[in-house]
Amino acid sequence: MKILVVDDEKDVQTLFEQRFRKEIKSAEMDFAFAFSGEEALQFLTTHDHEAVLILSDINMPGMSGLELLRQIKEKHKTPPPVVMMITAYGDAENHEASMKLGADDFLTKPVDFPSLKEKLKAIH
Amino acid sequence: MKKLLLVSFIILSQYSSIGQIGSIERIKSTCDSVFTQLKTEANADKKAELIISFYLTSLDGFPLLLYDLGQKLLTLGQARNDVMIESAAWSTLAQGYRLTGNYVRALELHRKGVALAEQSGNSAIISFAYNQMGHIYKDRLENEKALSLYRTALQYSKKSNLKNIWFPSMNLASVFLNAGNLDSSLFYAQKALAMVKDRGIFVNQSIIQSTIGSIYSRKGDIHNALKYFNEARNIDNITQSPRYTSITYLAIAEHFKLYKQIDSSIHYCKMSIDAVQNTPSNNLALKPARMLIDYYQNTNADSTVKFWKIYAAANDSLNSTRANQQLQMMTTEEEQRKRDIEAAQVAYQNKIRTGLLLGGLAVFLLIAIILYRNNRQKQKSNTVLEKTLSELKSTQSQLIQSEKMASLGELTAGIAHEIQNPLNFVNNFSEVNKELLAEMKDEMDKGDTEDAKDIMNDVIQNLVKINHHGQRAGDIVKGMLQHSRTSTGQKEMTDINALCDEYVRLAYHGLRAKDKSFNAEFKTEFDSRIEKINIVPQDMGRVILNLINNAFYAASQPSEGGLLGPDSSKIPTVWVSTKKDGTNILISVRDNGNGIPEKIKDKIFQPFFTTKPTGSGTGLGLSLAYDIVTKGHGGALTVETKEGTGTNFQIKLPIS
């Protein structure tokens, strides 16, 4: 399962690689990383239909997570990738906007990795 | 009696001078002297005594003198509101009218005199007023009315503190004599005589003496009659009053007529006429002339004609004197009236002038009051405005503070985000490390040192990251504290050029030390005219450092797009310059970086706003710099920027 993680914090890559090192080792999961919305869209264009799940931060410089979500839902309809939004701001406004744009899930930082792992396995 | 009178005559020199009566001027000067005393006298009885003493002269024979004195008394009395003096004035004027035969006018004025006298409550002056009024009826031989008035005068004289008011008794004696009541006449005449004894010599004494003489004459007591007639003549010799001399001689002439001694009677009639010939009182010649005509008309034609002439002349004189005097009095009265009218006009004009003046004053006062009120209102509103202003100022500073707190509150989410991220990393990496160390232990137990070493490298890498993110969180907190804390730094005279030079080098070497690949140039241009200015050097240093760091960052950023390398055609450069501009000092920090996009230009001074990637800046630098320059030093921090060309930050500081 190819998972695209979008976050402006570069250390997120190291964190995910270590958190999911067993799953990566067993090739159960495959992670790709983008550090901005623009980069994520570029990746999706060049790696069409590869990523089945997208984890995106909302607060990023440049293109925001919500804009990215809107474009994904617009451009990549078949099959629609599962998109999970992550934000440090656990506010109702962001949650509502995310749901309206068709997000599949809404997570609040700090990310609870064991439960995220469960969710990802369930999709798998 | 003679002796006594003589003694009195010698002692009372004032009245002895009145003795040489004859000249109007003498009477006038005596009256003036009494009038002067009257003006300064406050005691009522003493005033009454002075008023009565006017009549110790032969004033009562001269209408014009009476009128003149009456006017003076009237003016004084009315000016002082002194009813005693005013009463005397009316009585005196009335006496003048009496002598001119105008009894109607005289009575009218006497009534005024009596009314005012009663108002004064002084018995002496009341007695005087009634007494004077009695003369009118005495002259007209209305004896009953005359007696009634003289009796009233007598009653008041008894109540008075003045114990020697003689005239009511004297006049009662005269009226009783006229009425033929000899006993009563004698009684009052004796009383009057007793009272005038102590007064010294004066005109009335002669009348009293001659009255008594006449009484004895009619009673048949020739001896006493002649004795009193002689006394009267003695007094007349002293006073030299033509009027009273004439009256005395007439009384003697009548006495001899009664006793048929015609030659003697004729002799005294002639004496009586001679006494007043060529004097203002020549009308008194009328009665003796009439008697002489009667004596001569059947015996001596020549003498009859002679005394007819005298009689006619006396009659003419009486009439013409009356007419002249009346005319003069009327003229004087008219003149007085004119003077009164003029005085009234002057008073009226003065009143108008005073009125106008008062009106003007009132208007001025009104204007002054209005101005004063306006001024006060202005002062009041000024006070209110000042109060409002100070309240506004305090509110403003409160607003700034609460704005700061509010912005901090609004930023809580942002701060949480900024701190949350590094903290998340710290937590996550430390959790991962725990797992990794457990795995490593397993691998070591298995003896797989290669795998154990790989894990150990990961752990070390994670620890570096933990340390990094921990420091990042710490920096954010430090920045926050710096922002919220008010500077306690003291201002001191600082060389701004040296300060700029120091910080530009500090920033450059700091960046070089941190990042070996850092490559930029800096150029300085300092205005040597700038003298030391009063600033907080630490605070201003931080501002300059912040601007310089930003400039180096901006200059060294790759140009547009972010994925392309730095523009090879331009060397990243920062210019730091100072300039004296009038009363200000300008500090400029310029770079040739990408510039600030127009849409975020307005936000760069807001706290926590940053264009740097997450973690590279707190976003508090420019906000703090702005506060330090504007609030801390009363200056201005402005920015000029052009996308793709560069940015210029300028600090403007007032010299004083």
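Helices (H or I, at least four residues) and strands (E, at least two) are DSSP runs, numbered from the N terminus. By that rule, chain A has six helices and five strands. The model is a predicted one: local features need pLDDT of at least 70, side-chain atom pairs count only at pLDDT 80 or more, and totals for chains, interfaces and linings use all residues. Residues are numbered from 1 along each chain as its sequence is written, while chains are lettered from A and ligands numbered from 1 in the order in which they are written.

**Chain A**

Along the sequence, the elements of chain A follow β-α-α-β-α-β-α-β-α-β-α. Confidence is given as pLDDT, the predictor's confidence in each residue, from 0 to 100. Chain A has a mean pLDDT of 86, and 94% of its residues reach 70 or more. Within chain A, confidence is lowest in helix α5 (residues 92-100), at a mean of 85, and highest in β2(A), at 93.

The five strands form an open sheet with parallel pairing, in the order β2-β1-β3-β4-β5 (chain A). The edges are β2 (30-34) and β5 (105-108) of chain A; each has a single partner strand, so one side of each is left without a neighbour in the sheet. Neighbouring strands of this sheet are turned by 20° against each other on average, direction ignored. Such angles are taken between axes, which are lines fitted to C-alpha atoms (for helices over the stretch in contact); they run from 0 to 180 degrees between N-to-C directions.

Two strands pair if DSSP finds at least two bridges between them.

| Strands | Sense | Bridges | Facing residues |
|---|---|---|---|
| β3 (51-57) and β4 (82-87), chain A | parallel | five | A:Ser56 and A:Met85 |
| β5 (584-591) and β7 (646-654), chain B | antiparallel | eight | B:Ser588 and B:Gln650 |
| β6 (636-642) and β7 (646-654), chain B | antiparallel | seven | B:Glu640 and B:Asn648 |

A residue is buried if 20 or more other C-beta atoms lie within 10 Å of its own, exposed if 12 or fewer, and partly exposed in between; C-beta atoms are placed from the backbone. Buried residues make up 33% of the 124 residues in chain A.

**Chain B**

β6(B) and β7(B) form a hairpin with three residues between them. In the turn, B:Gly644 has a positive phi of about 85°.

Helix α8 (residues 123-139) of chain B is mostly covered, with 16 of its 17 residues buried. At 1.5 Å a residue it should span 24 Å, and its end C-alpha atoms are 25 Å apart, which agrees. The expected span is 1.5 Å times one less than the number of residues. Just after α8(B), B:Leu141 takes a positive phi of about 60°.

A nonpolar core is a set of buried Ala, Val, Leu, Ile, Met, Phe, Trp, Tyr and Cys residues joined through C-beta atoms within 7 Å. The largest has 96 residues, of which B:Leu59, B:Ile125 and B:Ala192 touch the most other members. α8(B) gives the most to this core, with nine residues.

Contact means that the C-beta atoms of two residues, placed from the backbone, lie within 7 Å. Leaving aside neighbours within four places in sequence, the contacts of B:Ile125 include B:Ala48, B:Ile51 and B:Met84.

B:Ala555 lies in helix α21 (residues 537-556) of chain B. B:Ala555 is buried, with 24 other C-beta atoms within 10 Å. Not counting residues up to four places away in sequence, B:Ala555 touches residues including B:Ala520, B:Pro572 and B:Asp591.
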